Amino acid sequence: MDNSIDTIMVLLVLMNLMLLGLSSLGTCIRVVAAQGITLGILPLVIHGGIFDIRLTLFSAAIVGLKGIVFPLLLSWAMRDVNAQREVEPFIGYGKSVIAGPLALAVCMWLGSRLPLPLDIVSPMVMPVAFFTIMCGLFLIVSRKKALSQVLGYIVLENGIYTFGMVLAEKQPLLVELGILLDVFVAVFVMGIVIFHINREFDHIDTDRLSSLRS
Amino acid sequence: MNLISIANSVLAVLLAPLMFGIINRTKAVFAGRTGQPLLQAYYDISKLFQKGAVYSNTTTWVFRAGPIVGFAAVLAATVFVPFGGLPALFAFKGDFVVMVYFLGLARFMTVLSALDTGSSFEGMGASREVTFSALAEPSFLIGLAAIAKYTGHISLSPMLAGINAASWGHAAPALALIGLAFFVVLLAENCRIPVDDPNTHLELTMIHEVMVLDHSGPDLGFIIYSSTLKLWLLGSVLIGIIVPVHSGIFLLDTVSSLLGMLGLAVVIGIIESTMARLRLLHVPQLLLGATALSILALVLVLR
C-alpha cells in the first residue's frame, strides 16, 4: 500500500514537472486532467480499498470535476480565444524544469522539519503537497497567458487538496467538497473573464494588461 | 581483481556490433523490408579495416590519433562495467566517474579531430555534440549518484549488484526514474533517433555523423566500432538496473542480461521506427527533462 501511494506521489511530481516544461496549452490541460483523475483515485488508495459509499461518491465527484469538467471548460476557453501555446514565459521552460527538482528538494526538507499532530500515511505526501502548491504558484507568476494562470490556480488547489487528503480522516470531506465548489465557480468565472479579455483586447497576455490606459 | 572478468570486455567486443544489426532488423520489420543481414556491422567494419585511409593536407596528427584514442578509451571503459553474472575487471571506489570520463575522453578526441579538419561544417557538428553531451552528463552522473546512495557503494560492480528484485519491490519509483533518465542519455549519447538520426546525411540535422565525414578506411572502422561499444556499455549499465537478476547462477544471470540487451535493441528499433527526430531546439529540453528525472530519483533516495 505504501508503494502504491508513493507511486501516485511520483506521478504527481512528474505531472508537475511536465506542466513546468510544456508549452502547448492543450497538452497542459490534458496533464492537469490526468492529475485531477490521479488525485481522485488518491482517497480510495489511502483508505486501503475498503468499499465505502461516501468515499466512492467523493472520488467520483473529484474525478468528474477535476478530470472532466475543468479540462472541458478550459478547452472551450482555449478554442474560443484561439490561444494554442504559451509564448515567451517570464521564466523559460528549461529553467522551470530545473527549478522543479530543486523546489522539490526544498519541500522535502520543509516536510521533514514540520512537526505533524498525527501520523500520516507516507512521508512522501507532505513534501509533494507542498511541491504541487509551489508549482501552482510558479505557474501563476511565471506565465503570461491567462489560461496558463488558471491552470496554475487549479494545480495550486490540487496541492491543497493533497494536503487536506492526508491530514484529514473522513470527517472534513464536507469541507473538501466546499472548496471544490469554490474552485469550480472560480474556474467558471475565470473562463468567462478570459473570454471577455480576449474579446476586448484580442489577446490574453496578462502582462500587457498593466497598461490599460489608452 | 577478477581475471575471468576480462570476459566482459571480450563479450562487448564480440557482440556490440550485433546490437546495430538487431536495431536495423527491427526497423526493417516495421517498414516491411527484409533488411540488412544481422551481421552487417561486422562486414562494414572488416571492409573498412581492409581499406586505406585518405588524409587531407590540412590535418595534423590529432586527426589521425582521434579515432584510435577514442576506440581505446571506450575499450578501456568496458573493464569497469559489470555484465550479467560477472563483476567488472577493475573495481575501486569511484570507478563510475572514471568510466564516464573515459567515454568523455573518447568524445573529446572525436571533437578534436573534427575541429582539426578545419571544416566549418564539422565544427558545427562538434559544437552540437559538445552541447548535448554537456547536458546529458549531469543526468547520467546524478543518476549514478542516486544508485550509489541507494546501495551504499561507490563502485560500479557492487552498485549494480546491490539492485535486485527486492529493491524494485520497495524503491520502484526511484529506480524507474533512473532507468528512464539513463535510457534518454543512452539515446542521446549514441545519436539514436529522438536526438539524432544515425541514417541521415542531411546537412543541417546531423550531429555525430557530421564530425566523422573526413575519416576514411580503418579510422572510420574504429569510429563505428567505438560507437557500437559505447551503445553496449551504456546499455549494460541500463540493463543492470532494469533487469537485476542476481541469482548467483552464472549462466542464468548472463543469459538474462543478454536477453535484456536484445530487448533493449528491439526497443530502440521500435522507437526509431515510430518516432520522428526532435527539432534541434527541443533536444536540450529532453535532456533537461532527463536531468530532472535523475534529480527527482536522487531526492527520493535521499529522504
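The model is a predicted one, and chain B in it contains twelve helices and zero strands, so that, read from the N terminus on, its elements run α-α-α-α-α-α-α-α-α-α-α-α. The radius of gyration of chain B is 19 Å, close to the 19 Å given by the globule rule for 303 residues, and chain B is therefore as compact as a globular protein of that length. Along the principal axes, the C-alpha atoms of chain B fill a box of roughly 60 × 45 × 40 Å. Of the 303 residues of chain B, 52% count as buried, and among its contacts between residues at least 6 apart in sequence, 80% join residues at least 24 apart.

In soluble globular proteins, nonpolar side chains tend to be buried together. Here the largest nonpolar core has 130 residues, of which A:Met9, B:Met99, B:Leu144, B:Phe182 and B:Leu186 touch the most other members. Helix H8 of chain B, spanning residues 172-189, contributes the largest share of this core, with twelve residues. Apart from this core lies another, of eight residues, which include B:Ala114, B:Met206, B:Val210 and B:Val212. When residues up to four places away in sequence are left aside, B:Leu186 touches B:Leu231, B:Leu234, B:Gly235, B:Leu238, B:Leu264 and B:Ile268.

The loop between H8 and helix H9 (208-211) of chain B holds B:Cys191, whose phi is near 60°, a positive value in a residue other than glycine. Most residues other than glycine have a negative phi. Is B:Cys191 buried or exposed? With a relative accessible area of 8%, B:Cys191 is buried, because a residue counts as buried under 20%.

A nonpolar surface patch of about 900 Å² is formed by B:Phe30, B:Ile249, B:Phe250, B:Leu251, B:Leu252, B:Val255, B:Leu259, B:Leu262, B:Val266 and B:Ile270. Which helix of chain B supplies the largest share of the nonpolar patch? That share, eight residues, comes from helix H11, which covers residues 250-274, whereas B:Ile249 is found in the loop between helix H10 (217-242) and H11.

Key:
Residues are numbered from 1 along each chain as its sequence is written. Chains are lettered from A and ligands numbered from 1 in the order in which they are written. This is a predicted model: local features need pLDDT of at least 70, side-chain atom pairs count only at pLDDT 80 or more; totals for chains, interfaces and linings use all residues. Side-chain values use heavy atoms; hydrogens and water are left out. Patches are made of residues with over 30% relative accessible area and no salt bridge: like charges are joined within 9 Å, nonpolar side chains (Val, Leu, Ile, Met, Phe, Trp, Tyr) within 5 Å. Accessible areas come from the Shrake-Rupley method with a 1.4 Å probe; for residues, only the protein chains shown count as cover. A salt bridge is a side-chain nitrogen of Lys or Arg within 4 Å of a carboxyl oxygen of Asp or Glu. Helices (H or I, at least four residues) and strands (E, at least two) are DSSP runs, numbered from the N terminus. A nonpolar core is a set of buried Ala, Val, Leu, Ile, Met, Phe, Trp, Tyr and Cys residues joined through side-chain atoms within 4.5 Å. Buried means under 20% relative accessible area, exposed over 50%, partly exposed in between (1.4 Å probe, protein chains only). Contact means heavy atoms within 4.5 Å. The radius of gyration is taken over C-alpha atoms; the globule rule is 2.2 Å times the number of residues to the power 0.38.
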